[in-house]
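Subject: Structure handover

Hello,

Here is the structure for you to look over. My notes on it follow below.

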Amino acid sequence: MDCGIHAREWITPAFCQYFVREILQAYKTDPKMQAMMTNMDFYVTPVLNIDGYIHSWKDNTTRLWRKNRSPGPLNCTCYGTDLNRNFNANWGTLGVSFDCCDPTFCGTKPVSEPEAQAVTYFRRKPERRLPVFPHHPLLQQDAPGSIWKPQLHRQQQR
Ligand SMILES: [Zn+2]
């Protein structure tokens, strides 16, 4: 479960913490949760976009910051890439901007950002190709390791 991809969406890190608390509480008394936690690994990233998240807390002018804080490409004075638009899943096609100053700037290429690389490479391991709770289900349905990927592969094999 990846939370805190978009810096300004403060509810998502709070939700990840809530989720962890709830499953740990349920584990004590719920046999189903005990079985799940015995047989499955849970990976929770409370804040994926750490520098963007910190920036969004700086002051009122940064409260609505969305992207990470990586320097823009050459000849661009703006900062940041929209991490949710940087994954290698229909990259650059839907709801993105190639203007590095735009809040939905998708980066110079798929998975150009260290945060997207970390998630992508972490989920490449077969044992980690597990159901996930994607940040934006419609946009990330083909994200590495998502619950949708195996279905797409089966369809492609027909
Ligand atoms: Zn978002």
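A contact here means heavy atoms within 4.5 Å. With that in hand, residues 24 or more positions apart account for 48% of the chain's contacts with a separation of 6 or more. Please keep in mind that this is a predicted model.

**Overall layout**

The chain has five helices and zero strands. From the N terminus the order is α-α-α-α-α. Of its 158 residues, 35% count as buried. The chain exposes about 9,800 Å², and carbon and sulfur atoms supply 58% of that.

**Disulfides**

The count is three disulfides. If the bonded cysteines are numbered in sequence order, the pairing reads 1-2, 3-5, 4-6.

Start with C3 and C16. Their disulfide has an S to S distance of 2.1 Å. The link is right-handed, with 85° about the S-S bond. It connects distant parts of the chain: C3 sits in the segment before α1, C16 sits in helix α1, and the two are 13 residues apart. Are these cysteines buried or exposed? C3 has 4% relative accessibility, so it counts as buried, the cut-off being under 20%. C16 is buried too, with a relative accessible area of 1%.

Next come C76 and C100. Their sulfur atoms are 1.8 Å apart in a disulfide. The torsion about this S-S bond is about 105°, so the disulfide is right-handed. Both C76 and C100 lie in the loop between α3 and α4, 24 residues apart. C76 is buried, and C100 is buried as well.

The remaining pair is C78 and C101. Here the S to S distance is 2.0 Å. This link is right-handed, with 90° about the S-S bond. C101 has 40% relative accessibility; buried needs under 20% and exposed needs over 50%, so C101 counts as partly exposed.

One further cysteine to look at is C106. Its relative accessible area is 0%, so C106 is buried.

**Salt bridges**

How many salt bridges are there? The count comes to four.

D2 forms a salt bridge with R123, and the closest N and O atoms are 2.2 Å apart. The pair links distant parts of the chain: D2 is in the segment before α1 (11-29), R123 is in helix α4 (residues 114-124), and 121 residues separate them. Both D2 and R123 are buried.

R66 and D82 also meet through their side chains, at 2.8 Å from N to O.

The side chains of E22 and R21 form a salt bridge at 3.1 Å, N to O. E22 has a relative accessible area of 32%, so it counts as partly exposed.

**Where to look**

For a quick tour, begin with the loop between α3 and α4. It holds C76 and C100. Then go to the segment before α1, where you will find D2 and C3.

Best wishes

Definitions and conventions: Residues numbered from 1 in each chain as written. Predicted model: local features only at pLDDT ≥ 70, side-chain atom pairs only at ≥ 80, totals over all residues. Heavy atoms only, no water. Helix = DSSP H or I, 4+ residues; strand = E, 2+ residues; numbered from the N terminus. Buried < 20%, exposed > 50% of the residue type's maximum accessible area, 1.4 Å probe, protein only. Areas by Shrake-Rupley, 256 points an atom, 1.4 Å probe, with all protein chains shown as cover. Disulfide = S-S within 2.5 Å.
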